[in-house]
Amino acid sequence: MKNEDLYNYVLRLGDDSLILGQRLGEWCGHGPILEEDIAMTNISLDLIGQAMSLLDYAGVLDGQGKDHDALAFLRFENEYRNALLLEQPNGDFANTMMRQFLFDAFRKPLYEKLLESTDMQIAAIAEKSLKETRYHLKHTSEWVIRLGDGTDESHQRAQTALDLLWRYTDELFFQTEEDTTLISLGMVPSMSEIKAEWSKTVLSVLEEATLVIPTNNWQFEGGRRGMHSEHLGFLLADLQYMQRAYPNMKW
Amino acid sequence: MKTMDLQELEKRFQEKIDKEIKIEPNDWMPDEYRKTLIRQISQHAHSEIVGMLPEGNWITRAPNLRRKAVLLAKVQDEAGHGLYLYSSVETLGADREATIDDLHSGKAKYSSIFNYPAVTWADIGTIGWLVDGAAIMNQVALCRCSYGPYARGMVKICKEESFHQRQGFESLVTLCNGTPTQKAMAQDAMNRFWWPALMMFGPSDDESPNSAQSMKWKIKRFSNDELRQSFVDATVPQAEILGLTIPDPNLKWNEETGHYDFSPINWDEFWQVVNGNGPCNKERIEARTKAKEEGMWVREAAMAYAEKRALKKTA
Amino acid sequence: MSNREWPLWEVFIRSKQGLNHKHVGSLRAPDATLALENARDVYTRRSEGISIWVVESNYVHASDPSDADSLFEPSDTKVYRHPTFYEVPDGIKHM
């Protein structure tokens, strides 16, 4: 392996994009209104595109000639490094938007910092992805506010989504011992900086949305170490179906 | 100013049509022209939207990330095309949601092809190649439709759709040049989609009562049978390049006519599927109805928020 | 407030710097902010634009096609508004 620490880091980024892109793809054709169906698919397309760039780069760092498809389709469940938040089922539209918002609010400051990475490849991916992510965050913020401050029903649904998803948010800021090396080399930012930005965004949007953060702050983690929820297996069964059923074929 | 009588208005309308002058939303038009367009364009829009479902089934299972992105973009385009078409319908004074309700109640029809299941990955390529190919054949003709908004919508849609058929064909080339399993998968899809694709052009001319009037109004430019024949003529050589067999023992080139002859179509099956008895009619309408019903609270929430904001502004 | 659907908006796109915004179609949206975002997602999927206007369709006022004769035909006879109406001697340049 050429650079195991960086590989692990990039894999986490790539898997986040991959798994969330896959989840959003499930909405295509089933959105609450045509305009929003198209908007969600755009986000999904951006995420799949990011996953391709990130996993390709992970493959380069791994040095065994794996491309994005080899990494996306041919690992076992416990080899995926996405955060638990992203594999959670879509649920209703409020749940999907809340999940996306909590993630976008994390991804935007992360990409902003990764722009300055001493690793040129990461900086380049961050530059392209940041433009996309800024729009995602704007769009999902608008929706969280509208759902939270819309009708009684939408408020209830948005609050339920927040209550359910809040416990997966700390894991986004997971940092390993090895990451400290990357931070000292200026390749990646420290997660504490990102978390401060994230909190600021999340607090201000939730306030405008009249939503409250759950008082019980018990948090789950595991995805970053390959310990996933029951949901990932089913997601992978779909994602990997063709590659597993028809091994070694070109499509 | 004297008011023109109906006959005079109709005469002037037909003169405009004959002179190839486009009809625009606020222009006078016969009620029947308006009704025909509302029915045809909304049917077309519904077809785009229902058409998202069979392919949408495969988004989560696409075999690699490139194909996944292509499929997402394609199905998304269909949503966009449905939206452009609903826009055209709304210029005629129809309400988009009301026409959608007609779809869900079974009052409005959509293309029968989408009532067939997409059961293997090869179906995705085949739908792109045959179904989009047939649709394009129809839509190119509609770019010259006498109603301006519909014609302009079709121009935009045709431009965007040209990638749909190509990506399907490309996907099938990969399968046909792949393993025997893949080739067999492609042939199986061909066997299932060929006849439904031919049915997409609608009943034969002698069974198509509205056709003559639509041709006179230049809503339609070619008859169903003419378009179907053009499609067969264009598609047979493509199948040969793929090395796929068309499931019709009577298919052969006719030197005299300069066209391919083919077997009669099973119209019983066509009418059964159109009238709700295809393999997936129920599932398709259920899925669309569910999306609309489950989206209701979302649309209401956004409206309620907009109203609150507007109040705050004026307060 | 059940069964209330979103209002219709007309969408105008500037395809590149230096050109006018041009009407491209319509869409449904609850307010101007989402109308702009929806327009971006629906009408600029293939880099069709760099700037968007949205106008709620209710606020568009149109001339009546039955008045077209009296509105627009009178200018047809005013050919002196066009430079080709005037003859200039051969050899005159830059005019």
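Is C:Arg45 buried or exposed? I looked it up: C:Arg45 is buried, with a relative accessible area of 18%. Buried means under 20% relative accessible area, exposed means over 50%, and partly exposed is in between, using a 1.4 Å probe and protein chains only.

**Entry 1: ground rules**

I am working with a predicted model, where local features need pLDDT of at least 70 and side-chain atom pairs count only at pLDDT 80 or more, while totals for chains, interfaces and linings use all residues. Residues are numbered from 1 along each chain as its sequence is written, chains are lettered from A and ligands numbered from 1 in the order in which they are written, and side-chain values use heavy atoms, with hydrogens and water left out.

**Entry 2: the partners of C:Arg45**

I looked for salt bridges, each being a side-chain nitrogen of Lys or Arg within 4 Å of a carboxyl oxygen of Asp or Glu. C:Arg45 forms a salt bridge with B:Glu160, at 3.0 Å from N to O. C:Arg45 lies in the loop between α1 (32-43) and β3 of chain C and B:Glu160 lies in helix α7 (residues 148-176) of chain B, so this pair joins two chains. I noted that helices (H or I, at least four residues) and strands (E, at least two) are DSSP runs, numbered from the N terminus.

B:Glu160 is buried too, at 5% relative accessibility. B:Glu160 also forms a salt bridge with C:Arg46, and here the closest N and O atoms are 3.3 Å apart. C:Arg46 is in the loop between α1 and β3 of chain C, so this pair with B:Glu160 in helix α7 of chain B joins two chains as well. At 34% relative accessibility, C:Arg46 counts as partly exposed.

I found another partner for C:Arg45: the side chain of B:Asp77 meets it in a salt bridge of 2.7 Å, N to O.

**Entry 3: where chains C and B touch**

Next I stepped back to the whole interface. How many residues of chain C are in contact with chain B? I wrote down 21 residues of chain C, in contact with 26 residues of chain B; contact means heavy atoms within 4.5 Å. The buried area is about 2000 Å², and carbon and sulfur atoms give 53% of it. That area is the accessible area (1.4 Å probe) that two parts lose on being put together, summed over both.

Across this interface the rule finds 7 salt bridges. On the side of chain C that touches chain B, β2 and α1 of chain C are the elements that give two or more residues. The largest share, 3 residues, comes from β2(C).

**Entry 4: the sheet of chain C**

Since β2(C) came up, I followed the strands. Two strands pair if DSSP finds at least two bridges between them. In chain C, 3 strands form an open sheet in the order β2-β1-β3, with antiparallel pairing. The edge strands are β2 and β3 of chain C, each pairing on one side only.

I picked out some partners to find on screen: C:Ile13 has C:Lys22 as its bridge partner in β2(C), and C:Phe12 has C:Trp53 in β3(C). C:Trp9 stands opposite C:Leu27 in β2(C).

The hairpin of β1(C) and β2(C) has 6 residues between the strands, and C:Gly18 takes a positive phi near 100° there.

**Entry 5: salt bridges elsewhere**

Over all chains, I noted a count of 50 salt bridges. One of them is between B:Asp132 and B:Lys74, at 2.9 Å from N to O. This pair links distant parts of the chain, with B:Asp132 in helix α6 (residues 121-142) and B:Lys74 in helix α4 (residues 65-91) of chain B, 58 residues apart. B:Asp132 is buried at 6% relative accessible area, and B:Lys74 is buried at 0%.
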